[in-house]
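User: I am new to this structure. Please walk me through it in short questions and answers.

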Amino acid sequence: MSELAELLGVPRAYLSRVVAQLFGRPLSAILREKQLAEAKRLLTDVAPLTHSEIAAASGFGHRSTFYRVFREAAGMTPGEYQRRFRK
């Protein structure tokens, strides 16, 4: 979120407020949704990557953060998701 605000040349608080007004949801929720969508795509569509590589590529930074957030959102671990939905 800070990087986006800096790129746009506006304060982070302003960006958060405007996005929430326009979309009815906090910017952090929108960004998290995009991160999870990318992680799901990488888990199912791409040549095999480690979960650490997927965490980094989808913007989670640390594997532990990726696992925690993914499990909370999807109701299963990234490995379970991968086994269930890999094409």
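User: How many helices and strands does the protein have, and what pattern does the chain follow?
Analyst: This is a predicted model. The protein has six helices and zero strands. Read along the sequence, that gives the pattern α-α-α-α-α-α.

User: What box do the C-alpha atoms fill?
Analyst: The box is taken along the principal axes of the protein. Its dimensions are roughly 40 × 20 × 20 Å.

User: What span should helix α2 have, and how far apart are its end C-alpha atoms?
Analyst: Helix α2 covers residues 12-23, which is 12 residues.

User: Which residue follows α2, and what is its phi?
Analyst: The residue after α2 is Gly24. Its phi is positive, near 70°.

User: How are α3 and α5 oriented to each other?
Analyst: Helix α3 spans residues 27-45 and helix α5 spans residues 63-74. Their axes come within 11 Å and cross at roughly 95°. Angles of 65 to 115 degrees count as roughly perpendicular. Therefore α3 and α5 are roughly perpendicular.

User: Which residues make the contact between α3 and α5, and how do they divide by class?
Analyst: From α3 come Arg32, Leu36, Ala39, Lys40 and Leu43. From α5 come Phe66, Val69, Phe70, Ala73 and Ala74. By class, the contact residues are eight nonpolar, no polar and two charged.

User: What is the volume of the largest pocket, and which residues line it?
Analyst: The volume of the largest pocket is about 200 Å³. Its lining is made by Met1, Ser2, Glu3, Leu4, Ser28, Leu31, Arg32, Gln35 and Gly59.

User: What classes of residue make up that lining?
Analyst: Two of the lining residues of the largest pocket are charged. The others divide into three nonpolar and four polar.

User: Which helix gives the most to the lining of the largest pocket?
Analyst: Two helices, α1 (2-8) and α3, each supply at least two lining residues. With four residues, the helix that gives the most is α3.

How values were computed: Residues are numbered from 1 along each chain as its sequence is written. This is a predicted model: local features need pLDDT of at least 70, side-chain atom pairs count only at pLDDT 80 or more; totals for chains, interfaces and linings use all residues. Side-chain values use heavy atoms; hydrogens and water are left out. Axes are lines fitted to C-alpha atoms, for helices over the stretch in contact, and angles run from 0 to 180 degrees between N-to-C directions. Angles under 35 degrees count as roughly parallel, over 145 as roughly antiparallel, 65 to 115 as roughly perpendicular and the rest as oblique. Contact means heavy atoms within 4.5 Å. Ala, Val, Leu, Ile, Met, Phe, Trp, Tyr, Cys and Pro count as nonpolar, Asp, Glu, Lys and Arg as charged, and the others, Gly among them, as polar. The expected span of a helix is 1.5 Å times one less than its number of residues. On a 1 Å grid over the protein atoms alone, a cavity is a set of points where a 1.4 Å probe fits but cannot get out, and a pocket is an open set with protein on both sides within 12 Å along at least five of seven lines; lining residues have an atom within 4 Å of a point. Grid points are joined across faces, edges and corners, and a volume is the space filled by probe spheres set on the points.
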